[in-house]
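My notebook is open, and I am writing down each thing I look up as I go. Please follow along with the model in view.

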Amino acid sequence: MSRTATYHTTVRWKGDHRGHLEMGNGPEYEFSAPPDAHGSAGVFTPEDAYVAAANTCVMMMFLWATERFKLRLLSYECRTEGTKLVELDRTELFTRLHFRPKIRVAGGGEPSPVIEARVRRALQSAQKYSLVANSVKSEIVVEPEIVVEEC
Amino acid sequence: MPEFLETAVDKFIFRVATDRQYGREGVWVQECGVDGQVRLGVSDYVQQRSGDAAFLHVKPVGTRLSSGDEFAEMETIKANVGLVSPVAGQIVEVNKDLDLSPENVNLDPYGKGWVAVVQAADWGTDRVGLLDPAAYLSAMRAQAEEEVGAS
């Protein structure tokens, strides 16, 4: 069994503070820096990409976890915020990723607290097993809002 | 509280409780204090290698087992893992707490994460085929090194 896998992207300079990004899985984007960092509005940015990478990865892992934990997911939405710190030497890093998932699951025949506890464990597992979340050095905070609905 | 042998492989640390014996597949066996009754659970290596437990399906009380029979299945976020009994006998108790807290297998594999109690049919014979903690540590370490070295 292979224990490694590789993924790639390609960037090309398009002039000024803009570039073109080709993702290994197909999509292509124009990108720049955010306006507060001498970039342009309305296009993909590395900052968005970093936060999106973690947000999408945790969600995909959570979808897998709901299947393994036998949860009936009704909806999932998560706004994730990355906090940038500018250091004294003007280097910058993301110190924190704050996930606020809103999750609705069906109750089924079990008591709501049992289902909710399982959702929380599925979320913890999603974070633990998310490739991206597991790779970043930012602190990760998850503040879920969980609703168990009797169907 | 049991005492432990400990070994590190790559970035992982594995503990082996010294107050019990082990099957080659990583199921531990501990005398209960009642004549011929033994408690079964999984080693720290098995729980780490299997991933976060979502469900434990243990065969019901009364089930007769031959040595090598599966007595439980652990569904984790990553895999379904069959647990093989290294002793023959009859299941007389299952750990019902695992229904609501399967994570105990991960958090406390040698304590609250025990899986079942078996009335051994011939404990005197079966115990001879089990590994002592040092022998299990050595076998488990070789397994872990082989797996890590496969990258």
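**Entry 1**

I began with B:Asp99, which counts as partly exposed at 47% relative accessibility. My scale calls a residue buried under 20% relative accessible area, exposed over 50% and partly exposed in between, with a 1.4 Å probe and protein chains only. B:Asp99 forms a salt bridge with B:Lys96, and their closest N and O atoms are 3.8 Å apart. For a salt bridge I need a side-chain nitrogen of Lys or Arg within 4 Å of a carboxyl oxygen of Asp or Glu. B:Lys96 counts as exposed, at 57% relative accessibility.

A note on ground rules: this is a predicted model, where local features need pLDDT of at least 70 and side-chain atom pairs count only at pLDDT 80 or more, while totals for chains, interfaces and linings use all residues. Residues are numbered from 1 along each chain as its sequence is written, chains are lettered from A and ligands numbered from 1 in the order in which they are written, and side-chain values use heavy atoms, with hydrogens and water left out.

Helices here are DSSP runs of H or I with at least four residues, strands are runs of E with at least two, and both are numbered from the N terminus. B:Glu147 is partly exposed, at 25% relative accessibility.

I then looked at B:Glu145 and B:Arg141, whose side chains meet in a salt bridge at 2.9 Å, N to O. Both residues lie in helix α5 of chain B, 4 residues apart, which is about one turn of the helix. B:Glu145 counts as partly exposed at 39% relative accessibility, and B:Arg141 as partly exposed at 28%. I also found a network that involves chain A: salt bridges with shared partners join A:Arg3, B:Arg49 and B:Glu147.

**Entry 1: rings**

Next I looked up aromatic pairs, and the structure holds 7 of them over all chains. Rings of Phe, Tyr and Trp (its six-membered ring) pair if their centres lie within 6.5 Å; planes under 30 degrees apart are stacked, over 60 edge-to-face, and the rest tilted. Why is the pair of B:Phe4 and B:Tyr110 called tilted? The planes of B:Phe4 and B:Tyr110 stand at 45 degrees, with the ring centres 5.7 Å apart, so the pair is tilted. The two are 106 residues apart: B:Phe4 is in strand β1 (residues 4-9) of chain B, and B:Tyr110 is in the loop between α3 (104-107) and β11 (116-120) of chain B. B:Phe4 is partly exposed at 27%, whereas B:Tyr110 is buried at 7%.

B:Phe14 and B:Tyr45 make an edge-to-face pair, 5.2 Å centre to centre with 85 degrees between the planes. B:Phe14 sits in strand β2 (residues 12-17) of chain B and B:Tyr45 in helix α1 (residues 44-50) of chain B, 31 residues apart. B:Phe14 is buried at 6%, and B:Tyr45 is buried at 6%.

B:Arg20 lies over the face of B:Trp28, 4.3 Å from the ring centre. The charged end of B:Arg39 sits over the ring of B:Trp114, 4.5 Å from its centre.

**Entry 2: Ser50**

Is B:Ser50 buried or exposed? B:Ser50, in helix α1 of chain B, is buried, with a relative accessible area of 6%. A polar atom of its side chain lies 2.6 Å from the backbone oxygen of B:Val46. Beyond its neighbours within four places in sequence, B:Ser50 is in contact (heavy atoms within 4.5 Å) with B:Met74, B:Thr76, B:Lys78 and B:Val81.

**Entry 3: the sheet**

Strands pair if DSSP finds at least two bridges between them. Strand β5 (residues 37-42) of chain B pairs with β11(B) over 4 bridges, and B:Leu40 stands opposite B:Ala116 in β11(B).

Definitions and conventions
Lys NZ or Arg CZ within 6 Å of the ring centre and 35° of its normal. Polar contact = N/O pair within 3.5 Å; in protein donor to acceptor, adjacent residues only side chain to side chain.
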